[in-house]
Every structure is written in C-alpha cells, then in structure tokens.
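Me: I would like to learn how to read a ligand site and a set of paired strands in a model, taking one feature at a time. Could we work through an example together?

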Amino acid sequence: MHDTAASIVWQPLQEADMDAVGAIAAQVHPALPERLEVLAEKQRLFPAGCRKLMVEEAICGYALAHPWLLAGPPALDAFLGGLPATPDCLFVHDVAVLPEARGHGAGAAFMAEAEAVAVARGWPAIGLVAAYGTARLWRRFGFQETGELIPPDKLAAYGAQACYLIRRLGRGPGGIAAAGFSRPAS
Ligand SMILES: CC(C)(COP(=O)(O)OP(=O)(O)OC[C@H]1O[C@@H](n2cnc3c(N)ncnc32)[C@H](O)[C@@H]1OP(=O)(O)O)[C@@H](O)C(=O)NCCC(=O)NCCS
C-alpha cells in the first residue's frame with residue numbers, strides 16, 4: 001500500500017460492497033457488533049451518505065450516514081425502518097478505517113463530505129455518537145457535546161466512552177463560515 005494520503009479516496013458505497021463492509025466492521029468493532037443487514041439498510045435508504053475508502057484497489061474503510069432527527073439518535077444494531085419525512089440532521093452512524101489506512105486524513109475527508117451532503121439538503125446539523133474516545137477527534141470539526149438529547153442507557157450501548165456530539169451548520173449568506181466552522185489544525 002502507498003503511504004501517501006493521495007492514494008486514499010472515498011467513493012460511493014454500493015450494495016455489492018456490503019460484504020466488505022461487514023468484514024471491516026467485524027475487525028474494527030468487535031465489541032460493538034451490528035448485523036450486516038442493519039448496516040446494509042442504511043446504504044439502501046440513503047446511499048448519498050455512504051462511502052467506501054479505497055486504497056489502490058482495496059476497500060479499507062467505510063462510512064455510513066443518513067438523515068435523522070437530532071432528538072432521537074438511533075440505537076445500535078437496530079433497523080431504521082425508514083427515514084424521517086422532515087429530518088433536522090445528517091446522522092453519521094459510523095466511520096471505520098482499517099488500522100493500516102489510518103492517519104492519512106480519511107476521517108477528516110469524510111467529515112468534509114458529510115458537511116457537503118447536509119448543507120446541500122439544508123439540514124442544519126450533523127450528529128454522531130463518538131465511540132472509543134474519538135470525541136477528541138470530532139471536536140476538531142466543530143462537534144460539541146449534547147448530553148441532554150440521548151438517554152444514558154441508549155448511549156451506554158455504544159460503549160463506556162461514548163458521547164453524543166452535534167455540529168451545528170450555519171445557514172444563510174455566511175453559511176458554514178458564519179457558524180464559526182474551523183478546519184482541523186493539521
Ligand atoms: C476514527 C477513525 C475513523 C479515524 O480515521 P483516520 O483515517 O485515522 O482519521 P484521520 O487521519 O483524519 O485523523 C487521525 C486522527 O484521529 C485521531 N484518532 C483516531 N482514533 C482516535 C481515538 N480513538 N481517540 C482519539 N483520537 C483518535 C488520531 O490520533 C489522529 O490524530 P492526529 O491527527 O493528532 O495524529 C479511525 O481511527 C477508526 O476507524 N477508528 C476505529 C473506529 C472508530 O473509532 N470509529 C469512529 C466511531 S465514532
């Protein structure tokens with residue numbers, strides 16, 4: 001594998017990629033297992049929010065995001081059953097990168113894509129549940145803690161270190177810049 005960020009690129013995730021997604025999920029999230037059908041439902045319902053991370057010809061990561069409601073982030077390993085008619089956020093369900101492909105900016109690059117998806121549709125926020133202490137990473141992109149919006153037992157299912165984070169997106173003439181968005185320091 002090349003060791004340059006230039007060889008790493010996010011591409012649209014297809015239904016045919018879901019077996020690879022399942023294999024990566026099993027490797028990256030052994031403590032937080034989800035059924036492949038649950039992951040596949042997200043791709044089927046909102047392919048515009050789902051990506052695969054390509055390193056040369058190999059899938060080395062995936063990201064799943066879909067429209068949702070800030071006040072009720074979905075439970076882990078649960079079917080959505082459909083998308084809300086009037087979503088108020090893009091919910092990033094998961095970003096998973098195989099260890100050998102980490103540290104080249106893929107996480108940051110996906111967040112830029114997620115922002116574009118949400119802004120294009122006029123959704124005013126992005127939500128996610130940060131697992132494994134990744135809140136430190138997501139805060140770089142303007143995500144902030146919102147403890148009151150998710151019941152503690154639901155949050156606990158995402159692991160002991162989990163916290164629910166929201167990034168508010170600016171609207172109007174100033175857009176993102178007016179909302180105080182700042183790029184990661186790197
Ligand atoms: C989180 C993840 C997607 C980031 O992927 P990546 O391609 O390495 O992301 P980037 O290169 O854009 O950013 C790397 C930065 O994230 C930080 N980071 C990665 N995992 C972290 C963690 N668990 N806690 C805190 N920071 C973390 C790295 O330290 C690095 O910081 P640096 O720039 O100061 O060196 C990847 O580490 C991963 O798949 N982790 C396991 C699954 C996971 O935690 N997914 C997110 C669940 S919300």
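Me: Of the residues around the ligand, which come nearest?

Reply: Bear in mind that this is a predicted model. There are 21 residues around the ligand, and those that come nearest are V97, R102, A106, G107 and A108. The elements that each supply two or more residues to this shell are β4 (89-97), α3 (106-121), β5 (125-130) and α4 (135-139).

Me: Which element gives the most to the shell around the ligand, and how do the residues of the shell divide into nonpolar, polar and charged?

Reply: Strand β4 gives the most, with four residues, and the shell as a whole comprises 11 nonpolar, seven polar and three charged residues.

Me: Why is strand β3 described as largely enclosed by the rest of the structure?

Reply: A residue counts as buried if 20 or more other C-beta atoms lie within 10 Å of its own. Nine of the 11 residues of β3 (residues 58-68) are buried, and therefore the strand is largely enclosed by the rest of the structure.

Me: What should I look at in the hairpin of β2 and β3?

Reply: Look at the two residues between the strands, and at E56, which takes a positive phi near 55° in this hairpin.

How values were computed
Residues are numbered from 1 along each chain as its sequence is written. This is a predicted model: local features need pLDDT of at least 70, side-chain atom pairs count only at pLDDT 80 or more; totals for chains, interfaces and linings use all residues. A residue is near a molecule or strand if its C-beta atom, placed from the backbone, lies within 6 Å of it. Ala, Val, Leu, Ile, Met, Phe, Trp, Tyr, Cys and Pro count as nonpolar, Asp, Glu, Lys and Arg as charged, and the others, Gly among them, as polar. A residue is buried if 20 or more other C-beta atoms lie within 10 Å of its own, exposed if 12 or fewer, and partly exposed in between; C-beta atoms are placed from the backbone. Two strands pair if DSSP finds at least two bridges between them.
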